[in-house]
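Please open the model in your viewer and keep the sequence beside it. The tour below moves from one selection to the next and says what is found at each stop.

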Amino acid sequence: MNQDSDLSLRVKRPRPSNDFYESMMCLICSDFFKPPIVQCNKGHSYCQSCVQKTGSLLEQKKSCAVCRSPILLELRNYQLEQLLDKFTVQCTHSLKGCSKVVTLSQRPEHEKMCEFRPQISCYYKEFKNCQWKGDSGDLAEHLTQAHDVQELVRGMLFRYLWNPPNEHIWRYRYRVLKQVIGGDSEPFTFILEHYYSSDDKLLCFLIRSPDTDVKKRYRISILNRNDEANKIAFEGVTLNFEEFGHIKDFSKGDLTKMLLVTYQQIMSFSFVCEEDQAVYFSIQIQFF
Ligand SMILES: [Zn+2]
Ligand SMILES: [Zn+2]
Ligand SMILES: [Zn+2]
Ligand SMILES: [Zn+2]
């Protein structure tokens, strides 16, 4: 094959326009469709995985963003799925160094495995020397399995062990919160972090969503056992790793995004448990 015929071959090959690529994008994730693709009963298409996530996030029936008709998870758009096989794009992580060109249908699988994808380290890297590295969405499962992190369910009131740390020891700890909304939705996982700064004599709490797609409002309250009206409450939105770095560096971050409690406040809310003589306080977490 000489150069000329090679050139003409290339010219004849269909060149999708920008409009075409736009029409291959899902309105929920603003990214290329990931199969399986499902539709509303008027024919607007979405990634099935996006519908499953968003439906539960909004706590409402899964309805089409364009026409408000119900989206039917079993109504696949096979023709659009076949089109995903026909066109290629560069891997999303090309700027990080990936040179792979993949079809739109191979793309989700490649990007899940791509060696250039962003990965996070385990929270316990520093003080338990855990070498785990992975996708942010897998962290909660890792924490539960490898570090015996406690799971909580929605609206749960629980006792928080409070061992006032001495001047030289700082403490931080995590709990995995599993939140289930609606019968048919996937459970969401959040992580409650606390950190006590002995320099500032401040205890701070924040709730993180390891999955960057998931955002949720929450209220966290520290309750006084003897006086129900007297509580410390904070309302916030779950944070992810890009928005908020390590909780140890909380004083460099936006302090309005977390619950801060002074040492004196905690002491006035805490109580000694008769069984184990340890000091606790009561905490409640609710998501909306
Ligand atoms: Zn989507
Ligand atoms: Zn529609
Ligand atoms: Zn890649
Ligand atoms: Zn780990």
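How many residues lie between S1 and S2 in their hairpin, and which residue in the turn has a positive phi? Before selecting anything, note that this is a predicted model, in which local features need pLDDT of at least 70 and side-chain atom pairs count only at pLDDT 80 or more, while totals for chains, interfaces and linings use all residues. Residues are numbered from 1 along each chain as its sequence is written, and chains are lettered from A and ligands numbered from 1 in the order in which they are written.

**The whole chain**

With everything shown, the protein has eight helices and 17 strands, where helices (H or I, at least four residues) and strands (E, at least two) are DSSP runs numbered from the N terminus. Of its 288 residues, 22% count as buried; a residue is buried if 20 or more other C-beta atoms lie within 10 Å of its own, exposed if 12 or fewer, and partly exposed in between, with C-beta atoms placed from the backbone.

**First stop: the hairpin and its sheet**

Select S1 and S2, and the opening question is answered: four residues lie between them in the hairpin, and Gly43 in the turn has a positive phi of about 105°. S1 and S2 pair in the antiparallel sense over three bridges, two strands being counted as paired if DSSP finds at least two bridges between them. Within this pairing, Val38 stands opposite Tyr46 in S2.

Strand S1 (residues 37-40) is joined to S3 by three bridges, and Gln39 has Leu72 in S3 as its bridge partner.

**Second stop: helix H7**

Select residues 139-147, which form helix H7, and pick out its buried residues Leu139, Ala140, His142 and Leu143. Seen down the axis of H7, these residues fall within an arc of 160°, so they line one face of the helix; the arc is that of the directions from the helix axis to the C-beta atoms. The helix is followed by Asp148, whose phi is positive, near 55°.

Four bridges join S12 to S15, and the two run antiparallel, with Cys204 standing opposite Leu260 in S15. Leaving aside neighbours within four places in sequence, Cys204 is in contact (C-beta atoms, placed from the backbone, within 7 Å) with several residues, among them His194, Tyr195, Phe250 and Met258.

Cys204 is also one of the residues with the most contacts inside the largest nonpolar core, which has 26 residues; such a core is a set of buried Ala, Val, Leu, Ile, Met, Phe, Trp, Tyr and Cys residues joined through C-beta atoms within 7 Å. A second, separate core of eleven residues includes Phe33, Tyr46, Val51 and Ile71.

**Last stop: an exposed loop residue**

Finally, select Glu242: is this residue buried or exposed? Glu242 lies in the loop between strand S14 (231-237) and strand S15 (259-262), and Glu242 is exposed, with 9 other C-beta atoms within 10 Å. Show Thr212 as well, which is 30 residues from Glu242 in sequence and 8.5 Å away in space, C-alpha to C-alpha.

Notes:
Two residues are in contact if their C-beta atoms, placed from the backbone, lie within 7 Å.
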